[in-house]
Amino acid sequence: MDALRRPKRSAALDAIMIPMWILLSSLSGLKADDDVMEELATEKEAEESHRQDSVNLLTFILLLTLTILTIWLFKHRRVRFLHETGLAMIYGLLVGVILRYGIPATSYHHKTPPSCSLKEGPASTLLLNVSGKFFEYTLKGEINSREIHNVEQNDMLRKVTFDPEVFFNILLPPIIFHAGYSLKKRHFFRNLGSIITYAFLGTAISCFVIGNLMYGVVKLMQVVGQLTDKFYYTDCLFFGAIISATDPVTVLAIFNELHADGDLYALLFGESVMNDAVAIVLSSSIVAYQPSGANTHMFDASAFFKSVGVFLGIFSGSFLMGAATGVVTALVTKFTKLHCFPLLETALFFLMSWSTFLLAEACGFTGVVAVLFCGITQAHYTYNNLSEESTKRTKQLFEVLHFLAENFIFSYMGLALFTFQNHIFSPIFIIGAFMAIFIGRALNIYPLSFLLNLGRRHKIKGNFQHMMMFAGLRGAMAFALAIRDTATYARQMMFTTTLLIVFFTVWVFGGGTTPMLSWLHIRVDVDPDHDQQPCGDSFQVLQGDGSQAEGQSKTKQESAWLFRLWYTFDHNYLKPILTHSGPPLTSTLPSYCGPLASCLTSPQAYENHEQLRDPDSDLIRNDADLTFTFGDTSITANGASGGGADAAGGSGWSANGKRSGSTSEEALERELDSREQELLSRGTRLVFPIEDHV
């Protein structure tokens, strides 16, 4: 019987197990189907996101293309009331309006989002366990409570809002490097004292004037009830630092096109380049200001001096890092055969220059300062080692990158006015900021110009001062500094105000540059290579009649001792070590350094020393190098004579006015009265230091 019952149990068990097995199989199949559907949905979402990113980038490329075509049209029609940067901002504004209001918001999020309370700020990364699976979520940013149901549109606007690090690491380096690499050294260095004064002392004055005035504006907002959150004194100083960064790109472009006065161009360009670097270091120092004690926003002497130390440390460290990178690149290009491969040479030059910015930022310094002085060093040393093809490539490459990056930033400014979701428009703050920047600019330019004129032979004239006051535009650097941190109420208000200030100054002041030049009677159509107007802090171009030359010949060159000391050291040691130009080190170093000098001196320095003359030698002349020619009469500073005068009977005059030949007074007077006067110094202009006599 037991044997008969066992098959019945087995059959009953099979009758139960088979349906269960079928059910489990179907459930596993459904789960597999769900996984496949989930993967397909994820892939579709990734593809849609990729397509949206492509559309966003295409939008910016089309903006730049439209800007370029309009620039061509404006140049063809000789329209100067609107610069290319202003055009880029207008096109960005139009696209921003379309993205913000022209595209309907389709929302699928109708449920109220879950709420939670955090003792600290929101986490940047969140891990969630959903049905046994762990998902990672990344913080995208705060959403305005009024637009909580328009998440899809907010997501689209966030996609066209770039990470601020993109501006600092990708767009700013070529702009700043090009400024240093394309620097006109002659005009820059002969106005160097004034440029440094405006850039350092002037930026500090502007920062503290604007900061204190804005603190008064904030107190006024607090009284009238327009201030809804915290706004500290350090925030006002930070705003003063970032808004003090001038960027007169529009004015300088018009100056370059009209060939305006070279010294005025140098003063504006040099100030804008240097004060960008000063402004970013100054803002970093203000952020580093942390008083001890409970109230962290009151004045503290130790914290103040610590911030000053941070400023000096960051600036000097960034300067040394930029110069060191330029020196390394110069040595590599000198002691290798890279000039035989121009493509590799250009690529190395590009990468070394760009890496300077990232290296400085990684080491805690300021990349803007580092890449600026790297560009100046590369232009002074490395440029002389490059092949002819690489010199053209590097200049054109950074010129194109500078043009595209700058116009991209200005296009994005117009776009950000409508796509940025946390704007805070405060009429009192905006009006106060406009008044503060004008007052700060005036207290920067006019008092410092008065002080500089006390020590300058060629004064900074009143029309130059008015033009510098007018040309204090704000641009890419102020925007990049403002957008870098928009987390707090104060920073969001600063960003909105900075955008409006940039718009106003670029459109109004940039558009009024040409009429202002005419109204102030500033020279245009000036050839910078033949502009012989007296200039600068320490140098003067010789010109004029015999009496003027005689008066100028009495000048002692030792007055510019600091620059002459640097020039001598650079010409005799640094140039021969880092480039193929300059005298051989075997002739400048002591005899016991002979092996080292032979190793470091380039063979080209021995082969063709005369043709490898230092290109900066026209900045300083020795007495033996000065030769004046009046008609056919040659006059040298050391009393020697030559030229056609020798053929006529050996007549000549020394620079001190004494006769050195045997010609008649009447013949010499006829020669001096002739208008065919020229100044010769080995084919270059005569420039030498000036000493002012009281």
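Reply: Here are the salt bridges, pair by pair. This is a predicted model, in which local features need pLDDT of at least 70, side-chain atom pairs count only at pLDDT 80 or more, and totals for chains, interfaces and linings use all residues. Residues are numbered from 1 along each chain as its sequence is written, and side-chain values use heavy atoms, with hydrogens and water left out.

The whole structure holds seven salt bridges (a side-chain nitrogen of Lys or Arg within 4 Å of a carboxyl oxygen of Asp or Glu). Among them is Asp 261 with Arg 523, whose closest N and O atoms are 2.7 Å apart. This pair links distant parts of the chain, 262 residues apart. Asp 261 sits in the loop between helix 8 (249–258) and helix 9 (262–287). Arg 523 lies in the loop between helix 18 (513–519) and strand 3 (539–541). Helices (H or I, at least four residues) and strands (E, at least two) are DSSP runs, numbered from the N terminus. Asp 261 is buried at 2% relative accessibility, while Arg 523 is partly exposed at 34%. Buried means under 20% relative accessible area, exposed over 50%, partly exposed in between (1.4 Å probe, protein chains only).

Arg 51 pairs with Glu 47, the closest N and O atoms being 3.3 Å apart. Both lie in helix 1 (residues 2–76), four residues apart, so about one helical turn separates them. Arg 51 is partly exposed at 40%. Glu 47 is also partly exposed, at 47%.

Arg 491 bridges to Asp 485, with 3.0 Å between the closest N and O atoms. Arg 491 is buried at 13%, whereas Asp 485 is partly exposed at 32%.
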